[in-house]
Amino acid sequence: MADQSLLKRAVLTGAGAYLPEQILTNEDMAKRVDTSDEWIVERTGIRQRHFAAPHETAAYMGAEAGRQALEKAGLNPESLGAIIVATSTPDQAFPATAVRIQASLGAKKAFGFDLSAACSGFIYGLSVADAMLRAGQVKSVLVIGTEVFSRLLNFEDRTTCVLFGDGAGAVLLEARDVEQGGPGLLSTHLYADGSLGDILYVDCGTHDNRKPGHLVMHGREVFRHAVNLLAGAVNDALAENKLSADDIDLLVPHQANKRIIDGVGKKLGLPAERVVITVHKHANTSAASIPLALADAIQEGRAVPGKLLLLEALGGGLTWGSALLRL
Ligand code: COA
């Protein structure tokens, strides 16, 4: 008979990352647009970004990160239940990037789909995977964030083109019966406000045939909303779990801008050593930024079994959200 005291949880059993080979420093960007290392570092904390080569598509990078996560978990791709890909830069409108990745991994029994929630996509993906795993629909889900934002950038617009980079990150979540206080996703909180859709968007789609599409952002407006909305999302996560900021071992935020990250860290009263920062080396990789930061923290030995992680993100939509995860 099943032990009634055990809880069914989505437990992280592996993580992976992929970054394109090509690195562009702020000095490299200053050769393309009228900007400077000083301006970019002071406003954003960004020092460099990776830009994808033609073969490094969202599906290619996502498959590489996903393969690593499976290997770390020791799960045979043929046993994988589902693949959720958070991306705003799919290779094609369809087939879904997730299905391309399924073929590349040889994950023959997995179903898969893409999820569009801009920079919050990874948190949205975790939330959907968590529900599927706890409901018993599947036993394992690969959640991947993969983006080639370099292909959306308008190099005539210096206020946006210096902010973004390419890459992919992945986590494998597996359903496990764990004791109270054991590992797994404790909660996810998702939010959206479509009335703010026009402060951060891509100016192409089936409604018009302008090509290529470009990312458009009213940076000050986004900044104005970001810290307060994110603080609300993390406070909801803490309140639901009857936790305080002191209980958080690591904040793993979406890496858009160091000033936004610092703003949330300060509201929580977290010291710098409990905040994961990768924006200086990756820039904003949208849905890929949290799994990339997580893989970085695992690699550095900061995110180890038992630690309590608070994840948060905000992006186009607006969409935003938070997740509490014990490793
Ligand atoms: N290099 C040099 N100067 C630049 C520049 C660049 N790359 N981009 C803009 N500037 C200039 C502007 O032209 C303006 O000059 P002016 O005063 O002579 O007109 C000045 O810098 C200030 O521009 P502004 O757009 O008001 O800058 P800002 O202080 O708001 O900083 C952002 C711009 C984008 C860094 C900031 O708004 C921001 O971080 N927003 C949040 C963006 C974000 O993280 N979004 C992602 C969420 S998923």
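The following legends describe close-up views of a predicted model.

**View 1**
Five strands form an open sheet in the order S1-S7-S6-S4-S5, and the pairing is mixed. Strand S1 (7-18) and strand S5 (111-115) are the edge strands, each pairing on one side only. On average, neighbouring strands of this sheet are turned by 20 degrees against each other, direction ignored. Strand S4 (residues 82-86) pairs with S6 in the parallel sense, over 5 bridges. Within S6, Gly145 is the residue that stands opposite Ala86.

Helix H3 (residues 58-73) lies across S1, S6 and strand S7 (166-178). The direction of H3 makes an angle of about 125 degrees with S1. Helix H10 (residues 289-299) likewise lies across S1, S6 and S7, but H10 runs at about 90 degrees to S1.

**View 1. The four-stranded open sheet.**
A further open sheet contains 4 strands in the order S8-S13-S12-S11, with mixed pairing. Its edge strands are S8 and strand S11 (250-253), each of which pairs on one side only. Neighbouring strands of this sheet are turned by 15 degrees against each other on average, direction ignored. S8 and S13 run antiparallel and are joined by 8 bridges. Thr188 stands opposite Ala323, a residue of S13.

Helix H8 (residues 258-268) lies across S11 and strand S12 (308-315), and its direction is at about 150 degrees to S11. H10 also packs on the sheet, where it touches S11 and S12. The direction of H10 makes about 145 degrees with that of S11.

**View 2. Burial of helix H10.**
Of the 11 residues of H10, 9 are buried, and the helix is mostly covered. The buried residues are Ser289, Ile290, Pro291, Leu292, Ala293, Leu294, Ala295, Asp296 and Ala297. Gly301 follows H10 and has a positive phi, near 80 degrees.

**View 3. Helix H5, its span and its surroundings.**
Helix H5 (residues 121-134) comprises 14 residues and reaches 20 Å from its first C-alpha to its last. This span is close to the 20 Å expected at 1.5 Å a residue. Because 11 of its 14 residues are buried, H5 is largely enclosed by the rest of the structure. An α-helix has 3.6 residues a turn, so residues three or four places apart point the same way. After H5 comes Gly136, whose phi is positive, near 85 degrees.

The structure holds 4 aromatic pairs. In one of them, the ring centres of Phe51 and Phe155 are 6.3 Å apart and the planes stand at 75 degrees, an angle over 60, so the pair is edge-to-face. Phe51 belongs to strand S3 (residues 48-51), whereas Phe155 lies in the loop between strand S6 (140-148) and helix H6 (158-161), so the pair ties together parts that are 104 residues apart in sequence. Phe51 has 5% relative accessibility and therefore counts as buried. Phe155, with a relative accessible area of 23%, is partly exposed. Arg32 lies over the face of Phe155, at 4.0 Å from the ring centre.

**View 4. The stacked pair Tyr191 and Trp320.**
The ring centres of Tyr191 and Trp320 lie 5.6 Å apart, and their planes are at 10 degrees, so the pair is stacked. Tyr191 is in strand S8 (residues 184-192) and Trp320 is in strand S13 (residues 319-326); the pair therefore ties together parts that are 129 residues apart in sequence. Both residues, Tyr191 and Trp320, are buried.

**View 5. The loop residue His55.**
His55 lies in the loop between S3 and H3. With a relative accessibility of 48%, His55 counts as partly exposed. The C-alpha atoms of His55 and Pro20 are separated by 9.9 Å, although the two residues are 35 residues apart along the chain.

Terms used:
Residues numbered from 1 in each chain as written. Predicted model: local features only at pLDDT ≥ 70, side-chain atom pairs only at ≥ 80, totals over all residues. Heavy atoms only, no water. Helix = DSSP H or I, 4+ residues; strand = E, 2+ residues; numbered from the N terminus. Expected span 1.5 Å × (residues − 1). Buried < 20%, exposed > 50% of the residue type's maximum accessible area, 1.4 Å probe, protein only. Phe/Tyr/Trp six-rings, centres within 6.5 Å; stacked < 30°, edge-to-face > 60°. Lys NZ or Arg CZ within 6 Å of the ring centre and 35° of its normal. Pairing = 2+ DSSP bridges. Axes fitted to C-alpha atoms, helices over the stretch in contact; angles between N-to-C directions. Contact = heavy atoms within 4.5 Å.
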